[in-house]
There are 2 protein chains.
Amino acid sequence: MAYPMPSPDLLRALAARLGPRGFTTDPADLAPWLTDWRRRVTGAAAALVSPATAEDAAFVVACAGAEGVAIVPQGGNSSMVGGATPAGPAEGRALLVSMRRMRAIRSISTEDNAVVAEAGVVLADLHIAVGERRRRFPLSLAAKGNATVGGLVSTNAGGTQVLRFGPMRSLVLGLEAVLPDGSLFQGLAPLRKDNRGYDLKQLLIGGEGTLGLVTAATLRLVSAFEARAVAWIGLRSARDALTLLRRLEDRLGEAVESFELVPAEGLALVLRHIPDTRPPLSHAWEWNVLVEAVGGADIGERLQSELMGAIEAGLAGDAMVAASEAQAEALWKLRESLSEAEARDGMAAKHDIAVPVADMPAFMAQASAAVVARFPGTRPIAFGHLGDGNVHFNVRAPAGGDDKAWFAAQAAAVSRFVHGLVTEAGGTLSAEHGIGRFKRADFAALADLVRLASMRAIKAALDPAGIMNPGALLPLAEDGSGQ
Amino acid sequence: MAYPMPSPDLLRALAARLGPRGFTTDPADLAPWLTDWRRRVTGAAAALVSPATAEDAAFVVACAGAEGVAIVPQGGNSSMVGGATPAGPAEGRALLVSMRRMRAIRSISTEDNAVVAEAGVVLADLHIAVGERRRRFPLSLAAKGNATVGGLVSTNAGGTQVLRFGPMRSLVLGLEAVLPDGSLFQGLAPLRKDNRGYDLKQLLIGGEGTLGLVTAATLRLVSAFEARAVAWIGLRSARDALTLLRRLEDRLGEAVESFELVPAEGLALVLRHIPDTRPPLSHAWEWNVLVEAVGGADIGERLQSELMGAIEAGLAGDAMVAASEAQAEALWKLRESLSEAEARDGMAAKHDIAVPVADMPAFMAQASAAVVARFPGTRPIAFGHLGDGNVHFNVRAPAGGDDKAWFAAQAAAVSRFVHGLVTEAGGTLSAEHGIGRFKRADFAALADLVRLASMRAIKAALDPAGIMNPGALLPLAEDGSGQ
């Protein structure tokens, strides 16, 4: 399917309805939003369209649909997989629809433990707004200063608190969205139970904008906590780390909110490249875990006591519990600087993969060995959300060579190989980042055909003209179109 | 669309593949499964077909699909809404597909906190099996001795523990299912994160068998608890009950697992009609709440202390914490006997409704007044899962009359009226029971047209011949067919 350019009439109608703040074709206005977050690709769009209300958003989709014009939705433009960049089959002809003007928090109910936030609300702003009401929105990630509610919903975002509260899918109580036919789906009521047939919002969550344009969401809130405790633990094996996690969960209840794995090599990279970091333990253990637990004022003591027990039981090698907020932040810095430290060290092919939690220790070892055998000299490293069975499995260029040349020549092959390994192991080549445009080819090559056929059928049923975010998520048809 | 009778060739092929335990047309074998749980309707089927494996189930669906023959899936036959009864457009021509032979628990992983259970596993058996591994499956309901995993998934079942752990949708980590085209969807891997596009299992959860036949599920387990505490609390208003819930959640963390509302009139009915029951408090409070909290050995003391504080604060009138397991069971009996006590008192039009939690106290009062004004003499009563914003809102026949005659003449009109009230309030006419066959007309009349159009489009895309559970959930087309 070839996508048409928007007609002059369409552009005039949008300009008239949305006004100068909501419509522009000025290249200078568009430029900042045409390159993806990882700076891997720059696309082009016919116009930047910014609705201020759900009704305006419905108007945009209806007008575009009438001409078969493509729409690329964009929130904070922080996709890791090029999901919000107008590149691909409709490049230069799509409307780039920015949701950033819809940034109202419509309501916060402490009785319903729910917030209604528009699609353009930035995650960090949401945290502050609900915090003022002594509530928490329990999802956070590195891009929180940019990522918006609409994008978080559309990518089913994860982060560092999935262990306890799940990803966005677990936190969305209701949605408002424009469907591809321009109709407005109104489902914001925070019903804890609703069994009126198919749960349509589940298709929009993680749908990457290919089935509709999310305009607002009702999100679950939880109580603010009294205190948090952060600990750093040295271990002999990743399997011991998993055993420790289950032990802490059994004994501390659901207080464990983060359980992040850092291998010795990862910690060494951080200490080498990131200023103002120092080793938290006196010995360099082969594996490290950062744990965060929340609860009453005694949570630090309880965590300390459990970790002492784990050391006595031979499960952990050593451990320290942060004695102050500053120490806690220093421990988190070690974990959160890992990507940056790795980048400073050289280029790597990066993968966001998951297998069943119990399988991850063995998978990391086997996959690392397989990668080195197939691509001699490369240096795999795995770190991250072990408690979710999700690690960032990155394959660094061979030491001492031209890493840029290696990346250009080898990265795609390495990624296809790693994605094949994880698929064979019953896992996923996208745990939390989505498919977007960058993973589409590997997804198409490795996807289960039954799933793929069902996804195509649903897409064709709800968006028969294929106007919503063409080129993202779904494999291209043979004619190169987004369908 | 008219559904054909299965051909003799089809029946022979099924008999040959499934053997005598898996295939019968004997009316005596079929009879027990043709009448619904509430004994409101008796249907008819061409054969009872019982696959023992997912591959056999796929064979059944593929064969049926080749002739356009309808399939009605059935688990424990405990639907409250006639969802598993072969009545309607394909009556007498459908294959009744029983999943009861698929009752293996394929695996339990305490490391993954997951169990893989086949569709025919009975809920009570599942509880026992995982309990032996010191884990809990945290969903329970009255029909647990009959209800099966496949039915629980397909109806997105609720129950008394939704408050903390959510309904089935929150507990399903993976699914295996036969799709309407006979293909086998294999998604049992317990991935905590997986963002490979549309989450297809979400359509099967709560799909009431209209989009596929669930053959197995991977379900989330949680740690066993050390102790539970059950309390009965007397209050002046339902709004106070809600305030108390949020207070307990804030102070006890996520320990509160059940929060069930019982009005004075409901308790009086139980005390009048159910043997061996007695009032838990010395005074008859206008509203009562049963709370269950779980945790360490001190949970009883902690709950007691919080309830004392609530009484001192004027929030609760009186309270007692069960001092023994026998007392705890006696308190639960008061709650769980409510439906039976009500039935012994006379007939009632029953409704399973939800609104946002914070709106429920006002909604109960306003809806009761509206019902009495419109249907003079009727006696509404609301009880149940206040913490989920879900009550069973039942309208009892006027006192002293012929309640059977009243029911026959008035119940449908009363139900339509109540369903209209809850829809206007932004709520749902089915919180946990589903639509099935009994609520289909009201659903069709009151459903949001955008949702309905999307549901029809998805159904047509995945089941174009309309063979899966025709007559359930989706409104009938004008020709009376299941589409």
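Student: Start with A:Asn469. Is it buried or exposed?

Tutor: A:Asn469 is buried, with a relative accessible area of 2%. Keep in mind that this is a predicted model.

Student: Where does A:Asn469 sit in chain A?

Tutor: A:Asn469 is in the segment after α17 (449-462) of chain A.

Student: What about the phi of A:Asn469?

Tutor: Phi of A:Asn469 is positive, about 50°, although the residue is not a glycine. Most residues other than glycine have a negative phi.

Student: Which residue of chain B has a positive phi without being a glycine?

Tutor: B:Asn156 is one of those, with phi near 45°. B:Asn156 lies in the loop between α5 (149-154) and α6 (162-165) of chain B.

Student: Buried or exposed, that B:Asn156?

Tutor: Buried: the relative accessible area of B:Asn156 is 6%.

Student: Let's switch to the chains. How much area do chain A and chain B bury between them?

Tutor: About 6200 Å², and 54% of it is on carbon and sulfur atoms.

Student: Which residues of chain A lose the most area to chain B?

Tutor: A:Lys193, A:Asn195 and A:Tyr198 do. Together they make up 17% of what the chain A side buries.

Student: How many salt bridges between chain A and chain B?

Tutor: The count is 10 salt bridges. One of them pairs B:Arg169 with A:Asp199, where the closest N and O atoms are 3.3 Å apart.

Student: How many residue pairs are in polar contact across that interface?

Tutor: There are 36 between chain A and chain B, counting pairs with both residues at pLDDT 80 or more.

Student: New topic, the domains. Which ones does the assignment give for chain A?

Tutor: Domain 1 (8-100), domain 2 (105-223), domain 3 (227-339) and domain 4 (346-424).

Student: How far apart are the C-alpha centres of domain 1 and domain 2 of chain A?

Tutor: They lie 22 Å apart. The contact takes 14 residues from domain 1 of chain A and 16 from domain 2 of chain A.

Student: How much area do those two domains of chain A bury between them?

Tutor: Domain 1 and domain 2 of chain A bury about 1200 Å², with 72% of it on carbon and sulfur atoms. On the domain 1 side, A:Ala54, A:Val61 and A:Met99 supply 36% of the buried area, more than any other three residues.

Student: How many salt bridges and polar contacts there?

Tutor: Zero salt bridges between domain 1 and domain 2 of chain A. One residue pair is in polar contact, with both residues at pLDDT 80 or more.

Student: Which element gives the most to the domain 1 side of that contact?

Tutor: Helix α3 (residues 54-67) of chain A, with six residues. The residues of that domain 1 side divide into nine nonpolar, three polar and two charged.

Methods:
Residues are numbered from 1 along each chain as its sequence is written. Chains are lettered from A and ligands numbered from 1 in the order in which they are written. This is a predicted model: local features need pLDDT of at least 70, side-chain atom pairs count only at pLDDT 80 or more; totals for chains, interfaces and linings use all residues. Side-chain values use heavy atoms; hydrogens and water are left out. Domain bounds come from an automatic or database domain assignment. Contact means heavy atoms within 4.5 Å. Buried area is the accessible area (1.4 Å probe) that two parts lose on being put together, summed over both. A salt bridge is a side-chain nitrogen of Lys or Arg within 4 Å of a carboxyl oxygen of Asp or Glu. A polar contact is a pair of N or O atoms within 3.5 Å; within protein, one must be able to donate a hydrogen and the other to accept it, and residues adjacent in sequence count only if both atoms are side-chain atoms. Helices (H or I, at least four residues) and strands (E, at least two) are DSSP runs, numbered from the N terminus. Ala, Val, Leu, Ile, Met, Phe, Trp, Tyr, Cys and Pro count as nonpolar, Asp, Glu, Lys and Arg as charged, and the others, Gly among them, as polar. Buried means under 20% relative accessible area, exposed over 50%, partly exposed in between (1.4 Å probe, protein chains only).
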